[in-house]
Amino acid sequence: MSSPYQGSCLCGAVHFEVDEIQPQMGHCHCSMCRKFHGAAFSTFGEALTQHFRWTKGEEHLKTYLANNNTQRQFCTHCGSSLRFIPSNDSGRVVEFSMGALDSSCPHQPDAHIYTQDRANWYSIKDGLPEFKGKRLKDQD
Ligand SMILES: [Zn+2]
Ligand SMILES: [Zn+2]
C-alpha cells in the first residue's frame with residue numbers, strides 16, 4: 001500500500017511519500033528560502049518523521065549546509081528543492097517542499113513567516129497572519 005501523498009523532483013529521479021501532512025503550513029519569505037526556491041517565498045509542509053520516506057533516488061539528494069547551520073536538500077540532477085532541516089533539528093518532523101507534491105493536499109497555507117525579508121516586488125494580499133520572523137509555536 002502506498003501512502004496517500006506522493007512527491008517528486010522535476011526530473012523524477014527522487015520520489016518521496018507522506019502518510020499524513022501536518023495542518024500547519026507557512027509561506028517563508030526569508031532570503032535563503034527565496035534563493036533556494038528561486039521564488040518569492042517557499043512553502044514547506046511538515047510531517048512527523050515516521051510519516052515521511054524517500055521512496056526512490058535518495059542517493060541523488062545533495063545536502064547544502066548554510067552558514068547558519070540550516071540544511072537544504074535538493075536533487076543533484078534537476079536542482080529541485082525538496083527538504084529543509086533546521087539547525088536545531090529534533091528529528092521529530094520532516095519539512096518538505098510543498099511544490100514537489102504530486103498529490104492534492106487537504107490543508108491550505110495558514111501564515112506568512114519571515115516577512116521582514118520579503119521581496120519588495122511581492123505584496124501579501126491573502127489576509128493570512130504575517131510574522132516578521134519565525135512563527136510563535138509551542139514547540140521547536
Ligand atoms: Zn531531479
Ligand atoms: Zn525561509
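I began with strand β8 (residues 81–85): four of its five residues are buried, so the strand is largely enclosed by the rest of the structure. By "buried" I mean that 20 or more other C-beta atoms lie within 10 Å of the residue's own; exposed means 12 or fewer, partly exposed is in between, and C-beta atoms are placed from the backbone. Strands (E, at least two residues) and helices (H or I, at least four) are DSSP runs, numbered from the N terminus.

A note to myself on the source: this is a predicted model, where local features need pLDDT of at least 70 and side-chain atom pairs count only at pLDDT 80 or more, while totals for chains, interfaces and linings use all residues. Residues are numbered from 1 along each chain as its sequence is written, and chains are lettered from A and ligands numbered from 1 in the order in which they are written.

**Partners of β8**

Next I looked up which strands pair with β8, where pairing requires that DSSP finds at least two bridges between two strands. Strand β7 (residues 71–75) pairs with β8 in the antiparallel sense, over four bridges. I found five residues between β7 and β8 in their hairpin, and Gly 79 in the turn has a positive phi of about 80 degrees. Strand β9 (residues 93–97) also runs antiparallel to β8, joined to it by two bridges.

Opposite Arg 83 of β8 stands Gln 73, and in β9 its bridge partner is Phe 96.

**A stop at Thr 49**

Is Thr 49 buried or exposed? It counts as exposed, because it has 12 C-beta neighbours inside 10 Å. I located Thr 49 in the loop between β4 (42–48) and β5 (52–56).

I then checked its contacts, meaning C-beta atoms, placed from the backbone, that lie within 7 Å. Beyond its neighbours within four places in sequence, Thr 49 touches Gly 91, Arg 92, Val 93 and Val 94. Lys 62 is 13 residues away along the chain, and the two C-alpha atoms are separated by 19 Å.

**The whole chain**

Stepping back, I counted one helix and 10 strands, in the order β-β-β-α-β-β-β-β-β-β-β along the sequence. Of the 140 residues, 29% are buried. Among contacts with a separation of 6 or more, 56% come from residues 24 or more positions apart.

Along the principal axes, the C-alpha atoms fill a box of roughly 40 × 30 × 25 Å.

Definitions and conventions: Two residues are in contact if their C-beta atoms, placed from the backbone, lie within 7 Å.
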